[in-house]
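Let us read a structure together, one feature at a time. Keep the sequence and the picture in view.

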Amino acid sequence: MPEKDEFKPIKDSIPTVKDIFKKVVKLEKDNLYHPNPNLDEEVIKIVKNIIK
Amino acid sequence: MRFIDLKLYNFRQFYGETPKIRLSHGDKNITVFHGMNGAGKTALLNAFTWILYGVFSKGFQKENELISKRAIAEADVGETVECYGELNFENAGTNYRIKKVVDAVVADVSSRTKERLKETTLQAQKPDGQWNTVRNIDSVIGKILPTDLHSYFFFDGERVEKIVAPSAEEKARLANAVKILLGVEPLERAIKHLNSGRKHFEKEMGRLGSDETKEAIAEKIKVDKKHESLDAKINARVKKVDNQRDIVSKLNERIAKHASVEPLTKARDDHKDRIERSRKAVNELTDRLKSVISDRAFLLHTDELKSKVSTFLSELKIKGDLPSGIKAQFVEKLIRKGTCICGRSLDPKESVEAKEAHKTVSRWLEIKGLQQIEDRALNLSANINTWGSRNKDTLEVINDINGQIKEFHNEIARSSEELEAISKKLEGSPLEEISSLESKRKSEDDLLREYIEELGSSRNMLELLAEKQVEISSKIIKLTTKDEKQKLAKERYENVDQVIKATKEVLKLMNEKWRHSLEEKIRGNFSQISVKDYTPRLNKDYSINLYDKASDREVAAGQGESLVLSFSFISSIIEEIRKLTSAHGGIYGTGNSEFPLIMDSPFGALDDINRSRVAAKISMLADQVITFVSKTQWREEVENAMQPKTNYSYVLTYHSPREDTITQDIKLGTKTYDLIKPSINDFEHTEIKEVING
């Protein structure tokens, strides 16, 4: 049986959803070691930049 | 994470500065420290955990007295004496140096003021060779090698952690640590921040939208708040249940220690086991029942439909809209032959009657899709005729499952009654201790049940609230608007909502896939080392239970099995992380694909067979293995298995202040090294010597 692809829910999504996911996860990874109190605003900014 | 070298100064027995202790990696990845009891093997293991995490293993005593006694004694009154540990390591291509220093002021000749942590520094080397100071030391180290998993990477074989039956607190820490290693933290954080983003766009829609939108959003905010507060309550209740479970389990253990009630406690374990298995069977059967009902139960309500369809098909046949089961090929054959089955001629040239008959029969073939319609009608008729028997089968299956469920419920009721009777007997025990312990256990067990019920009803409520959230969200999304700004806010809201849903689904799938794969690996690794026919099962909270393969019953793991399980667990985690990192380096975790394993007395609790098997597999357990062994543990089979994979090895020469010291040595390769020798002064200390051509 082929292995279940855990990223299928994202792969099956529309391009803007994929784009938001990639950018937000990268933001979280970049800030994993450094506490950043502005991540809520950063996420909103990402969404606004993608959906104009 | 790969350790490069370690240096200690005035740390416990290690008076003065040790040489730089280089640590093996690569093909020959084992480092061995040979030492007698008391020479400092456990101190060395704890030097690693102290430098990295500031913690010590359970067997490490007087953890507030790290500075060498000899260093204190040799210092003047009022003088400050230091002790430090420095560790160089590499992780994901970056070199790190961590140093921890404690100091104390000498109060008089033989005592010191309380030791204090002077500093911990972590530096990372930039590509140009410069060293930069790193802040958030705990966070950085915790992400590389989670603090909560440290007892698996650095462990004392003589006091191996009970991973088979961890406490509630240990379970939570274990699950959290595994989550960090799995690298799902960025996804969890993403959900948290996306939720805030969704709320922001929700508010924006509310501000800009119609009255209907405003109303829906106000309702959504209300439900969200309820969900959030209930979720927090559930988390607290889970902890409460786990703690209560620990209390009951400890009371059970205390009662079981009394040999006089052994038959009763054993019977109690048996009945509990039966109840557990019956409950599991009931859950599985209920799932099966649900699946049968959803797949086939519609058949039980199709009697009326069946007769309607049969009548309809018959009417079609009577009207001539459907040939009565006459196949197209058969009609073609009749035309070719030129004679109908009734004997009339079908040759159009023969007569007017024959021409008419030929026309009628040929018309059957002209109907578009005749073949398919005919086939479907025949199939439908045939299917409808089997509904009756399938109805009977479905009813039989449902009745059979319900019967089995009933039987298991009876079994649960019988065992519960037995448990009640056992409890009464224990409460009536002439031994006051047993009687009072049982009364306490009973009331704590009642409390546990109460907590579990509370938790269950809260979870049901949470599910209802989650359904309500989804319902309002789709209502909001469906609301139409002409205002451009509101449209934009809605589109953003909708996208964020979808990202959250998809990310949650990814997390769920990752967890399921990883846990399943990890369990398979643990089983494989365990069976390669252990001779016993047991199989480990990994629970949802990442704790492990051991089962006897033949009887499928849970067994208590002895110290030897616990040790083998520990090895299997940690080496399986390491293998899985490596697999994940190479498959999904971009999304998963820490970028850490190398792991060390530091083991004090790994062979202590093992019997001869397990010892040989562990020794043979030890270099494969992790990328880097550092192990501390006594002379008696360094047996021929262990040496033969480990020596070819050992790069650096060291001898801890213990200088004993005792007058009756008996010297001891060890022959490694062609040379003999001192293990114990008399101290030239009144203080103990240990020297570390590298074994040459060992």
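**Strands, then helices**

Y654(B) stands opposite I676(B) in strand β18 of chain B.

Q: Before we go on, what kind of model is this, and how are things numbered?

A: This is a predicted model: local features need pLDDT of at least 70, side-chain atom pairs count only at pLDDT 80 or more, and totals for chains, interfaces and linings use all residues. Residues are numbered from 1 along each chain as its sequence is written, chains are lettered from A and ligands numbered from 1 in the order in which they are written, and side-chain values use heavy atoms, without hydrogens and water.

Q: How many bridges join β16(B) to β18(B)?

A: Start with the general idea. Two strands pair if DSSP finds at least two bridges between them. Strands are DSSP runs of E with at least two residues, helices are runs of H or I with at least four, and both are numbered from the N terminus. Here, three bridges join β16(B) to β18(B) (residues 671-678), and the two run parallel.

Q: Which other strands are joined to β16(B)?

A: One is β4(B), residues 30-34, with five bridges and a parallel run. There, T31(B) stands opposite Y648(B). Another is β19(B), residues 685-690, with six bridges, running antiparallel. V651(B) has K689(B) as its bridge partner in that strand.

Q: Is β16(B) mostly covered or mostly open?

A: Buried means under 20% relative accessible area, exposed means over 50%, and partly exposed lies in between (1.4 Å probe, protein chains only). β16(B) spans residues 646-656 and is mostly covered, with 10 of its 11 residues buried. β5(B), residues 80-91, is also mostly covered: 10 of its 12 residues are buried.

Q: What joins β5(B) to β1(B) and β6(B)?

A: Bridges again. Seven join β5(B) to β1(B), residues 2-11, and that pair runs antiparallel. F3(B) has F89(B) as its partner in β5(B). On to β6(B), residues 94-108: 12 bridges link this strand to β5(B), also antiparallel. Here N88(B) is partnered by R97(B). The hairpin of β5(B) and β6(B) has two residues between the strands, and A92(B) takes a positive phi near 45°.

Q: Now helices. At what angle do α6(B) and α14(B) cross?

A: Axes are lines fitted to C-alpha atoms, for helices over the stretch in contact, and angles run from 0 to 180 degrees between N-to-C directions. The axes of α6(B) (residues 185-208) and α14(B) (residues 484-529) come within 9 Å and cross at roughly 155°. That makes α6(B) roughly antiparallel to α14(B). The cut-offs are these: under 35 degrees is roughly parallel, over 145 roughly antiparallel, 65 to 115 roughly perpendicular, and the rest oblique.

Q: What is the handedness of this crossing, and which residue classes make the contact?

A: A crossing is left-handed if the near helix is turned anticlockwise from the far one by less than a right angle, and right-handed if clockwise. The crossing of α6(B) and α14(B) is left-handed. Their contact has 14 nonpolar, three polar and nine charged residues. Ala, Val, Leu, Ile, Met, Phe, Trp, Tyr, Cys and Pro count as nonpolar, Asp, Glu, Lys and Arg as charged, and the others, Gly among them, as polar.

Q: Where does α13(B) meet α14(B)?

A: Contact means heavy atoms within 4.5 Å. S473(B), I476(B), I477(B) and K478(B) of α13(B) meet K490(B), Y493(B), E494(B) and D497(B) of α14(B).
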